[in-house]
Amino acid sequence: MTGCVVLFPVAITFFITWWFIQFVDGFFSPLYAKLGIDIFGLGFLTSLVFIFMVGIFVSSWVGSTIFWVGEWFIKKMPFVRHIYSASKQVSTAISPDQNTTAFKEVAIIRHPRIGEYAFGFITSTVVLQTDKGDEELCSVYVPTNHLYIGDIFLVNSEEIIRPNLSIREGIEIIVSGGMTMPQVIASMEPMPRISQNIRLNRMT
């Protein structure tokens with residue numbers, strides 16, 4: 001059993017890495033095969049260079065313009081635009097740029113009942129204007145299926161616990177099913193943020 005416990009994560013890591021190399025290598029390997037070049041890993045290295053060059057090209061003004069035009073056409077296609085938008089939101093959320101559409105902070109909210117807590121990500125803030133006054137709410141995304149499917153909760157900003165965890169650490173905790181959870185989590189002071197205003201009118 002000790003041997004299985006030690007070798008299991010090694011085997012899983014090796015299997016996933018090997019599958020990833022074969023998957024990426026398969027993009028350019030058929031091209032080299034037609035040229036009579038049979039070197040394992042050459043397609044993988046070519047794919048990495050291709051991805052790197054695409055990143056440099058899109059970072060330029062010309063590349064970003066072409067990318068914007070292509071993205072505009074994709075967003076006009078039915079069904080395809082929904083898949084693209086969902087996948088882009090996830091990639092944007094975990095990107096190192098952390099722009100305005102990404103996850104802002106890791107959050108812990110009281111859910112689904114008192115005494116129980118749930119991990120989530122603050123995506124935006126909003127000021128709710130009612131007859132009783134203004135109330136700042138945070139839009140908290142709580143994943144229910146790894147990271148791609150989840151629920152949205154509007155929670156009072158004062159009731160949110162902000163742990164000392166980065167976005168990547170929060171994603172690792174959720175994807176691993178809580179196995180990478182640190183033994184001690186400390187709360188941090190809330191960060192200042194720009195809010196939007198929503199006015200609720202009474203229905204008569």
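Select S139 first: this serine has its place in strand β3, residues 133-145. Helices (H or I, at least four residues) and strands (E, at least two) are DSSP runs, numbered from the N terminus. S139 is buried, with a relative accessible area of 10%. Here buried means under 20% relative accessible area, exposed means over 50%, and partly exposed lies in between (1.4 Å probe, protein chains only). Now show what surrounds S139. Leaving aside neighbours within four places in sequence, S139 is in contact with F121, I122, T123, S124, I152, F153 and L154. Contact means heavy atoms within 4.5 Å.

Before going on, note what kind of model is on the screen. This is a predicted model, in which local features need pLDDT of at least 70 and side-chain atom pairs count only at pLDDT 80 or more, while totals for chains, interfaces and linings use all residues. Residues are numbered from 1 along each chain as its sequence is written, and side-chain values use heavy atoms, with hydrogens and water left out.

**Strand β4**

Next, select V155, which is found in strand β4. The C-alpha atoms of V155 and S139 are separated by 6.7 Å, and the two residues are 16 residues apart along the chain. Is V155 buried or exposed? At 13% relative accessibility, V155 counts as buried. Its contacts, leaving aside neighbours within four places in sequence, are I109, E136, L137, C138, V140 and I160.

Stay in strand β4 and select G150. At 27% relative accessibility, G150 counts as partly exposed. Not counting residues up to four places away in sequence, G150 touches Y141, V142, P143 and T144.

**The salt bridge**

How many salt bridges does a search of the whole structure find? It finds 1. A salt bridge is a side-chain nitrogen of Lys or Arg within 4 Å of a carboxyl oxygen of Asp or Glu. Side chains of opposite charge can pair when their charged atoms come close. Select R162 and E105, which form a salt bridge with their closest N and O atoms 3.5 Å apart. R162 lies in the loop between β4 (149-156) and α6 (167-175) and E105 in strand β1 (residues 105-110), so the pair ties together parts that are 57 residues apart in sequence. R162 counts as buried at 3% relative accessibility. E105 is buried too, with a relative accessible area of 11%.

Move to helix α4, residues 61-75, and pick out E71. E71 is buried, with a relative accessible area of 8%. Apart from neighbours within four places in sequence, E71 is in contact with Y84 and K88.

Accessible areas come from the Shrake-Rupley method with a 1.4 Å probe, and for residues only the protein chains shown count as cover.

M77 is partly exposed, with a relative accessible area of 39%.

**Helix α1**

Select F8, where α1 bends by about 30°; a proline, P9, follows within four residues. The bend at a residue is the angle between axes fitted to the seven residues ending there and the seven starting there.

**The whole chain**

Finally, clear the selection and view the whole protein. The protein has 6 helices and 5 strands, and from the N terminus on its elements run α-α-α-α-α-β-β-β-β-α-β. Buried residues make up 25% of the 204 residues. The protein exposes about 15300 Å², and carbon and sulfur atoms supply 67% of it.
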